[in-house]
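Reader: I would like to go through this structure one question at a time. Please define each term when it comes up.

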There are 2 protein chains.
Amino acid sequence: MGSDFLFWIAPFGAVIALSFAYVFYKSTLKLDEGDDLMKEIAQAVRTGAMTYLKQQYKAIGIFFICAFIFIGFLSFVLKVQSLWTPFAFLTGGIFSGLAGFIGMNMATQASSRTTQAAKKSLDGALRVAFRSGAVMGLTVVGLGLLDISIWFLILKQVYHSNFHIITTTMLSFGMGASSQALFARVGGGIFTKAADVGADLVGKVEANIPEDDPRNPAVIADNVGDNVGDVAGMGADLYESYCGAVLSTAALGAAGAASASLSPKATLNMVMLPMILAGVGILASVAGIYAVKTKEGANQKELMGALNKGINLSSILMAIFSLFVIKILLNNSGIGYFGIWGAMVVGLMSGIMIGKITEYYTSFAFKPTKFIAEQSKTGPATVILAGLGESMISTGFIVLTVSVGIVFSFLFASGFDVKNISMGLYGIAVAAVGMLSTLGITLATDAYGPIADNAGGNAQMSGQNEEVRERTDSLDALGNTTAATGKGFAIGSAALTALALLAAFIEEVKIALETMADKAGGILSYGGELLTKARIENMDIVQILSLFDAHLLNFRVLVGIFIGAMMPFLFSGFVIKAVGRAAGKMVEEVRRQFREIKGIMEGTAKPDYAECVNISTKAAQIEMIVPSMIAILTPIFIGLVLGVAGVLGLLAGALGSGFTLAIMMANAGGAWDNAKKYVESGELGGKGSQSHKATVIGDTVGDPLKDTAGPALNILVKLMSMVSIVTAGLIVAYSIF
Amino acid sequence: MGSDFLFWIAPFGAVIALSFAYVFYKSTLKLDEGDDLMKEIAQAVRTGAMTYLKQQYKAIGIFFICAFIFIGFLSFVLKVQSLWTPFAFLTGGIFSGLAGFIGMNMATQASSRTTQAAKKSLDGALRVAFRSGAVMGLTVVGLGLLDISIWFLILKQVYHSNFHIITTTMLSFGMGASSQALFARVGGGIFTKAADVGADLVGKVEANIPEDDPRNPAVIADNVGDNVGDVAGMGADLYESYCGAVLSTAALGAAGAASASLSPKATLNMVMLPMILAGVGILASVAGIYAVKTKEGANQKELMGALNKGINLSSILMAIFSLFVIKILLNNSGIGYFGIWGAMVVGLMSGIMIGKITEYYTSFAFKPTKFIAEQSKTGPATVILAGLGESMISTGFIVLTVSVGIVFSFLFASGFDVKNISMGLYGIAVAAVGMLSTLGITLATDAYGPIADNAGGNAQMSGQNEEVRERTDSLDALGNTTAATGKGFAIGSAALTALALLAAFIEEVKIALETMADKAGGILSYGGELLTKARIENMDIVQILSLFDAHLLNFRVLVGIFIGAMMPFLFSGFVIKAVGRAAGKMVEEVRRQFREIKGIMEGTAKPDYAECVNISTKAAQIEMIVPSMIAILTPIFIGLVLGVAGVLGLLAGALGSGFTLAIMMANAGGAWDNAKKYVESGELGGKGSQSHKATVIGDTVGDPLKDTAGPALNILVKLMSMVSIVTAGLIVAYSIF
């Protein structure tokens, strides 16, 4: 079998990731959880978070049952989808949920232990928080790659060398993961921001008590929110990104090999390549995780340096080992291995570049955020305007980076032949895999943020001394920067993956046409043309596009682009309004408790934390329905009315505007947050000054942008593509035009 | 010649428009200008505005000379453009500037006269303000249609029946108008918002003096700003929209007739049709203008009713007369006249529908704006979030209206044949002409706004009694609603026109290929294919698109879409930052004058108004350069690197996201403004309350969105298309790919 053994790197990597996650999990649990008060607070947050997740999984469960029935109807009754699709869809959703659950479980266990470790040393605390974050990172990549490997082995037994069917069927598992991710991001995002905004508006502004004060009834809900939004939500989000990138690359590998008439052996290798690269990336990530350590008294820059050292090591290992793997896989296949490797490196480097740009635009060490902070001298309006302006400008550099990445990954992979679309698109997809290959460690640095944040909350609420709180604050501040960088990765990889999904949609359309021709006895009359099954099988991507008039002056494509470009705005509008409504309910509840429960402010009575958690939970469940349904139903509706061309326009439009809007929201929110922190560090009058008040307003505006609407946009765009892929058969068979 | 005589409706309409404009102008000048103080104030505003315009025209003049040389180089040296292009470009710019100048001259003459008329009656004041606004409306349509008619007569003498060349050459005059419009909108917008924000921040907030108080040094600059931004800027903007719609329709008419192999006679009629419709629209507008009158003591609703009566009358007349005109023109041509008329009515109705949706989302008579105002109970952050949320949701309905309009105008014009792309696109362009056909009156209601605003300022500064100020306030409040509606028209028509320009770009590409084949001796080797001139001439739009691989999976198209979708954000970011910087300078100057000129606050010394005007002028000139240059150079750069496919992606992406972003900005700004007015009307604590302060912050954030960045986005999208059209020859001959 020659290079076949390389496939086992994928499941091996998955098992390694899960094993290390288990080891880190167990070793963290063995650590001291601190005094009784610390334990009690951690327990309250844990209980709240678990209650929320259970409630959320129940709600999502209902959706999954409905979607399972709908897809089952497509597969078994209309017969416009593979019979495996409903089941692949389900496992994608379940594994994604599981990754979020495990990561969150670890995070809620880790916060008090990080605080306890911070009593002794900064290095110890960093290690606890970071290793706990690594549990999340490794669980996500481990479960993702395990699920992919198992499905690949099963489907290969059934379909042998029909890689086209194997890879497109596997994509439907991406739809399960995307749906789960959207609900988790939107629901978790609404929960956390309702609690955060509610706690701040009444606590800080009206009652004049500090952040994380135990007298604030919404304080536990706020800490729960960090876990369900920033940990569980993000876990599901990146699980989806990771699987989406690998699966769409595999699908394009099958298509590319077919269009280049490669041997089954070479085709198999192109299909396995992204899975194997993911496996190599896991090994590189584990090595990087072990390299992260710091010394006592380290400043922000040194802490960041410690994390960067780990990430850089992983990237370098990835670049080196992947060269060998790709060379062996593509040896004698007729595909230039160096070009494919080049595409992967382009992805890896673009990810790092996006991280740097994001840091520049959101850290107060640089001009843009300082400028935003300085605008506070003339009040909140100028802070908001400066934040909008800077974040809009920042989109230029990030979009340009990704665009250059697309051009070069296409050119490298296609051997600089612009007509070689199949290989070029494969290259773009490989770049996405490259960007996400070291997700094990980048997600660890990201998930570390909310753990450090909660550790700080725990220290504050349990009344730890100044030194401990300084250490947790310093870890928390670092978390803000890594969060921004992590968002950059999520956004950049989403853009590349979405492009690959666009191509995968066309592949699925082709299969739908073949199926229809089969049913019609071998000859299909479609769009005024008579197509034999053999002719359809021999059509390349461009011919399929031309069959559906998918050019830029087709009014269906143009209307699709209009509606697609509008979707991210509409979706964000609903999400932002939802946060506002939920926060309003929280404000009322906190005010009610201050009014009705005597002795809260004096510390003689305990507020009813659970009720606040309850309010956020309910609001999140109800409010996530409308935006999620819009995302899922629009592609089906447009598909049935405007056909394949309309759907392509819709997806391209949504990708274009959604990508930019997501960057803008993430960077505006991050910069406003850090502008506030800049003032709090003593600049421009410091805490309590007019400047501080102005930047707090900026931060409040930015919260739902950066933590609810913004990150959900990546998923929105990909989910719309996934829905189109799964319903392609329906669209081809039943569209009006 | 049969139906040829109908052509004369176009120049006749133009002359009628200019004659009525002259009559209204003269009759307004005859009115009493009021007392000496009123005259003095009006004179100061007039001088400031004229100084600004002169300065602006100088700066733009330099650009026009450079662009003239560049286009001349394309035409005479590289020979990739018609020899007429540089001159057409120039006249477009000059006429557009002239329209803005005349409109603004009238507006600055009219404000004190409106105030004087308000001393007697509301009806009289409305009539003065509205008729003066009509001068602007009629000048814009009159000059636009006159310029078009003259060029058409000249080029027809030269090129006879080669309508393809005639119409595409005329489009370059659209580029002149677009450039002028962009500079006028961006420069004027920066001027007005720098003055407005500067005056408010120091005057209202720091010195605690009311709006339009003569002690505020920036007060004259603020009033000048209304004229240069909202009058001259808007005039140039809509001049460009109007000409762009007519010219692109003519170009698509020539292309459509060619692809349907129509006779020269029928082709001529399809080319003349948009010009004649424009002429009919002018006559309908004049009739509508005469129908606008109101009675003393009329409330907001009745005032709005008076304006609506005029607009509705014009629309009905337009719908009726255009049916006859279109029927005669297309008689026996083989084109269904009823379908073309249907497309025009779809455009007319979509425009009205957009106006209604805009009113719903920005007037405080409805839920969304009330909701935004109510969010002021929890401070400015929730006001901002509610405004962002509502305006994002509002994009959904407007984009849907335009999308439905596109689908139906395409289907009607193509006779429900989706493959009949040329006629369908012609239908979309005709819909844009329909939407703008009654611009004479809709622009009158729009230009009326700043006149009423300035009349209010004049009344306040000259210390008129309560009754007079109530009357001018009531006219001013109405102006806010008509401004929002006017923006809706500008945005909707821009979207349709931009689609038509996309198709016109392909026509220009075809001409470029023909020219290249000519030069190469009849056979051109292009993109690996050998093309004879005859073959190129026979290619339809789809074949040209296919020659350049302009499908949705070409990486150049996709990268184009990415960069295009980002452009409106980048551009807006620069504009918003520019306003912030300019406002900062104004704040410093106002503070300096309060500090250094003794007796300002006591009213014993006069502030140095001229210096504030000077600061806004300089800032506007400098700050408009970068965003304008980005807009102009990007299509050329993308064209040279990514070729025709990249440019198409760029334009489609910019159109998709720019359209939505423009709606969002216009509606957010309008709603915040009216939420403030709602509180000022006594709700939620009224003036001076915490709610008022929160909504003032919302209004300040919205100002540069709705009056600077937002309206400029329409022009940005169209200018990018125009630049692509003019440089198509360069792109086809010299692009890398």
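Reader: Is His160(B) buried, partly exposed or exposed, and how many C-beta neighbours does it have inside 10 Å?

Author: This is a predicted model, in which local features need pLDDT of at least 70 and side-chain atom pairs count only at pLDDT 80 or more, while totals for chains, interfaces and linings use all residues. Residues are numbered from 1 along each chain as its sequence is written, and chains are lettered from A and ligands numbered from 1 in the order in which they are written. A residue is buried if 20 or more other C-beta atoms, placed from the backbone, lie within 10 Å of its own, exposed if 12 or fewer, and partly exposed in between. His160(B) therefore counts as exposed, and its number of C-beta neighbours inside 10 Å is 11.

Reader: Where is His160(B), and what is its phi?

Author: Helices are DSSP runs of H or I with at least four residues, strands are runs of E with at least two, and both are numbered from the N terminus. His160(B) lies in the loop between helix H4 (122–159) and helix H5 (163–206) of chain B. Most residues other than glycine have a negative phi. His160(B) is not a glycine, yet its phi is positive, about 50°.

Reader: Which loop holds Lys79(B), and is Lys79(B) buried, partly exposed or exposed?

Author: Lys79(B) sits in the loop between helix H2 (36–77) and helix H3 (85–118) of chain B. Its phi is also positive, near 55°, in a residue other than glycine. Lys79(B) has 15 other C-beta atoms within 10 Å, so it is partly exposed.

Reader: How far does H6(A) reach, and where is its kink centred?

Author: Helix H6 of chain A covers residues 219–259, which is 41 residues, and it reaches 58 Å from its first C-alpha to its last. The kink in H6(A) is about 25° and is centred on Met234(A).

Reader: Why is H6(A) said to be largely enclosed, and how many of its residues are buried?

Author: Just after H6(A), Ser261(A) takes a positive phi of about 50°. H6(A) itself is largely enclosed by the rest of the structure, because the buried residues number 39 of the 41.

Reader: How many residues of H13(B) are buried?

Author: Helix H13 of chain B, residues 439–461, reaches 33 Å, close to the 33 Å expected. Gly463(B), with a positive phi near 65°, follows H13(B). H13(B) is mostly covered, and its buried residues are 23 of 23.

Reader: Which residues does Met175(A) touch?

Author: Met175(A) lies in helix H5 (residues 163–207) of chain A. It has 28 other C-beta atoms within 10 Å, so it is buried. Two residues are in contact if their C-beta atoms, placed from the backbone, lie within 7 Å. Not counting residues up to four places away in sequence, Met175(A) touches Phe89(A), Gly92(A), Met722(A), Val723(A) and Val726(A).

Methods:
The expected span of a helix is 1.5 Å times one less than its number of residues. The bend at a residue is the angle between axes fitted to the seven residues ending there and the seven starting there.
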